[in-house]
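I opened my notebook to write down what I looked up, one topic at a time. Here is what I was looking at.

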Amino acid sequence: MIWVSWRQSRSQAIACLGVLAALAVYAILVGSSMRTAFSHDGLAACLARSQGTSCPAAVSAFMNKFGSAVNIAFWSVLLIAPGLLGVLVGAPLIARELEFGTWRLAWSQTVPRTRWLAVKLALVTGGLVLLGAAITAVITWYRAPMDRLTGHLINNVYDFEGLVLTAYILCAFGFALLAGLLLRRSIPAMIAAFIPWLAIRLAVEYLLRPNFQAPLTFRQNCASGCSVGAGIGSVPPVTGHIGDWVLGQPAGQSGNQLVSYLYQPADRFWHFQFIEAGLFVALTAAALGAAIWLLHRRPA
Amino acid sequence: MIHDDVVGNAPALRTAGLGRRYGHVWGLRDCTLTVPAGAVVGLVGPNGAGKTTLLQMIIGLLQPTEGQLEVFGETTRANSAKALARVGYVAQDHPLYRDFTVADMFHLGRAMNPSWDQGVATARMDALGIPLKRKIKGLSGGQQAQVSLAMALAKRAPLLALDEPVSSLDPIARLDFMRELMAAAADTGVTVIVASHVVSELERLCDWLIVLTGGRMQLAGPVDDLLAAHRLLTVPRATRDAELPGLAIHRADSDRHSTVLVRIDPARLAAQERREWGVEPVGFEQLVLAYLQRPSGASTDNPAQAAARPGPATKEVTR
Amino acid sequence: MFRFRLDSASGVPPYLQLVHQVRQSLLLGYLREGDRLPTVKDVVSDLAINPNTVVKAYRQLEHEGLAGGKPGQGTFITGTLSPATPDTHHALRASLERWLRDADAAGLNDDEVTALIAVARNDMRKEKV
């Protein structure tokens with residue numbers, strides 16, 4: 001049964017490896033030049049000493065040169081990539097058997113259909129976890145120099161490092177597998193799974209993530225002029241500590257001399273990663289559990 | 001003979017009041033029969049009659065809603081390894097994985113069936129000239145059907161179920177498929193049940209017959225016995241059904257005479273036969289078509305069924 | 001090897017067709033005493049028919065004394081079907097010619113003669129059932 005699962009997933013596995021290889025090639029090309037520039041400009045020492053305040057020219061030169069390599073449009077595409085990957089792998093797993101009638105072959109051999117699914121799930125989710133970890137590793141390595149300027153708690157960096165990327169893939173996979181069982185067709189299942197996945201993904205990022213833990217408040221005395229630094233391009237952010245994620249100003253301030261900012265400190269990165277990954281893994285488990293239960297209960 | 005230790009003397013198939021409901025609709029109801037081991041059974045009925053429902057319950061893919069089902073003397077839960085091991089299945093349109101090679105399909109069979117005999121599978125491909133390295137999508141329809149059959153046979157199950165296996169094949173491929181199937185039956189004594197709605201092809205294959213319409217069993221039994229129990233009577237038009245020496249199954253009325261296919265009640269035959277009636281034996285296709293054309297609500301008054309089921313005797317349908 | 005054939009449209013049960021073909025071949029001299037009939041497996045692979053049909057046909061031939069099985073070796077023709085003796089033929093031929101002249105004198109044409117023969121045969125068959 002392990003051989004059967006592997007043989008049926010073989011072409012998908014090769015495609016995923018291809019994607020990973022392409023990503024790795026890109027990462028190596030750009031990452032190497034990033035690393036060279038980083039050491040060349042003496043940024044390491046500057047950051048260690050002053051969090052970047054003492055070498056603004058070098059910082060902005062570096063950011064300008066490699067900022068486009070991390071620009072919003074590109075990362076927006078990559079935002080949905082884990083979802084696409086998950087649904088492309090998950091939707092056909094059961095749906096294709098139902099669509100082409102091969103379930104009558106697959107489920108009439110001497111292997112009960114729930115065991116058939118369990119073995120397939122074990123193999124494929126294992127593969128997706130490895131894939132997610134590999135993609136995360138590649139992206140983390142590639143971004144390492146830039147991360148030393150921006151930290152990795154902020155949006156669009158957090159989403160690709162740590163645990164969450166793998167969790168996103170798994171969740172999309174789980175939704176698509178369940179949708180495939182219910183809808184019996186691969187393409188509709190992909191769409192029916194992707195939309196809720198994306199909705200949850202965005203809701204978690206923009207509504208829940210800023211509040212995983214109560215944000216801290218930073219007060220800035222603006223009597224002598226304020227640096228307004230909350231965006232990704234400001235090194236360091238307004239809190240003065242690289243890696244902090246500034247959420248914005250709470251409402252109801254105007255014309256005060258003391259300006260407050262809400263922020264999440266950089267050292268909460270792993271805590272947040274565990275919360276968010278745990279949430280998506282729980283959704284995955286629920287979807288896969290429902291699929292196994294429904295398969296067990298199907299009339300034929 | 002296959003699995004004599006498993007088969008023993010039990011009938012290949014025994015059902016009592018077997019039924020399956022989908023929501024509010026009964027796909028099959030009140031099915032009672034006993035099929036001996038080694039029989040080749042033809043399962044006939046129009047589309048939607050319940051053939052696939054019955055087959056899937058026998059195969060172990062579908063749980064009955066009511067009644068009992070025994071395959072070689074054992075009742076098992078549907079979708080359990082034990083149920084699935086007993087029956088080799090060739091589904092309609094012989095589904096296979098199109099990107100697999102023939103060798104891959106056999107590898108799948110070996111991986112998923114403890115009783116798999118690889119020699120049987122490869123010997124068949126040799127005899128038919130089908131290369132093991134060829135992808136399924138590169139085979140003709142007839143060759144794909146042969147691969148499906150080889151997989152079902154290599155499973156070495158004592159019962160083989162085929163759901164309209166040749167409906168999409170050209171006549172030569174059909175003949176080749178049936179040749180292989182019958183040769184396997186001759187070799188191993190496997191019990192075969194073939195569902196089809198093409199009646200003319202079944203006569204040469206089957207020694208046992210089941211006719212289903214509207215989810216109900218209209219006729220079931222050994223072909224020889226069934227043919228011996230029926231006659232085609234040519235009678236004057238005015239003759240009423242109640243005057244006939246048995247149950248009228250199908251009646252065609254002309255201006256002055258009627259042709260009636262009758263299931264003879266031996267007790268009444270001697271008393272009621274008259275000189276001006278023509279009496280002929282009934283052919284296989286005639287018999288099946290007559291039963292297929294009966295309204296599905298009509299009573300079958302099947303002696304075997306009536307004996308097996310206690311309760312009020314069913315009434316004859318009279319016109 | 002003797003090859004059987006099957007006519008699915010004839011309405012005659014398959015096993016009877018096989019028996020008739022053996023009888024016919026014996027009459028015509030195509031099968032002789034000592035010839036081996038094909039095995040059940042051979043016939044089944046050739047015609048795609050139920051093995052029990054072949055078994056039944058061979059048993060019927062044994063019953064009629066025309067064939068017999070030797071365990072492990074197959075089924076062999078053991079008897080002959082002697083056509084009617086020349087005398088019987090001659091007598092039947094004479095009465096047939098008389099009858100045909102009678103029919104001709106009564107005004108029946110060829111088709112009507114054939115139809116009359118078919119009806120008479122049919123009625124005789126029914127009486128046997």
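Before the first entry I needed a term: buried area is the accessible area (1.4 Å probe) that two parts lose on being put together, summed over both. This is a predicted model, where local features need pLDDT of at least 70, side-chain atom pairs count only at pLDDT 80 or more, and totals for chains, interfaces and linings use all residues. Residues are numbered from 1 along each chain as its sequence is written, chains are lettered from A and ligands numbered from 1 in the order in which they are written, and side-chain values use heavy atoms, with hydrogens and water left out.

**Entry: chains B and A**

I looked up the area buried between chain B and chain A and got about 2400 Å², with carbon and sulfur atoms giving 62% of that. Then I checked contacts, meaning heavy atoms within 4.5 Å. I found 30 residues of chain B in contact with 22 residues of chain A.

Next I asked: how many salt bridges does the rule find across the interface of chain B and chain A? The rule wants a side-chain nitrogen of Lys or Arg within 4 Å of a carboxyl oxygen of Asp or Glu. It finds 1 across this interface. B:Asp104 forms a salt bridge with A:Arg7, and the closest N and O atoms are 2.9 Å apart. I noted the general idea too: side chains of opposite charge can pair when their charged atoms come close.

I also looked for polar contacts (a pair of N or O atoms within 3.5 Å; within protein, one must be able to donate a hydrogen and the other to accept it, and residues adjacent in sequence count only if both atoms are side-chain atoms). Across the interface of chain B and chain A there are 11 residue pairs in polar contact, both at pLDDT 80 or more. The elements giving two or more residues to the side of chain B that touches chain A are α2 (51-59), α3 (81-85), β5 (87-90) and α4 (102-112) of chain B. Of these, α4(B) gives the most, with 6 residues. For the names, helices (H or I, at least four residues) and strands (E, at least two) are DSSP runs, numbered from the N terminus.

**Entry: chains C and B**

Here I got about 1600 Å² of area buried between chain C and chain B, and carbon and sulfur atoms give 52% of it. I found 20 residues of chain C in contact with 22 residues of chain B. The count between chain C and chain B is 2 salt bridges. I wrote down B:Asp187 and C:Lys41, whose side chains meet in a salt bridge (3.1 Å, N to O). There are also 10 residue pairs in polar contact between chain C and chain B, both at pLDDT 80 or more. On the side of chain C that touches chain B, α2 (40-47), α3 (51-63) and α5 (110-128) of chain C each supply at least two residues. I marked α2(C) as giving the most to that side, with 5 residues.

**Entry: strand β7 of chain B**

Is β7(B) buried or exposed? Buried means under 20% relative accessible area, exposed over 50%, partly exposed in between (1.4 Å probe, protein chains only). In strand β7 (residues 191-196) of chain B, 6 of the 6 residues are buried, so the strand is largely enclosed by the rest of the structure. B:Thr191, B:Ile193 and B:Ala195 point one way, while B:Val192, B:Val194 and B:Ser196 point the other way.

Then I looked for its partners; two strands pair if DSSP finds at least two bridges between them. Strand β3 (residues 40-44) of chain B pairs with β7(B) in the parallel sense over 5 bridges, and B:Val44 stands opposite B:Ser196. Strand β6 (residues 159-163) of chain B also pairs with β7(B) in the parallel sense over 5 bridges, with B:Val192 as the bridge partner of B:Leu160.

**Entry: charges in chain A**

A search of the whole structure finds 28 salt bridges over all chains. In one of them, A:Asp147 pairs with A:Arg143, the closest N and O atoms being 2.8 Å apart. Both A:Asp147 and A:Arg143 are buried.
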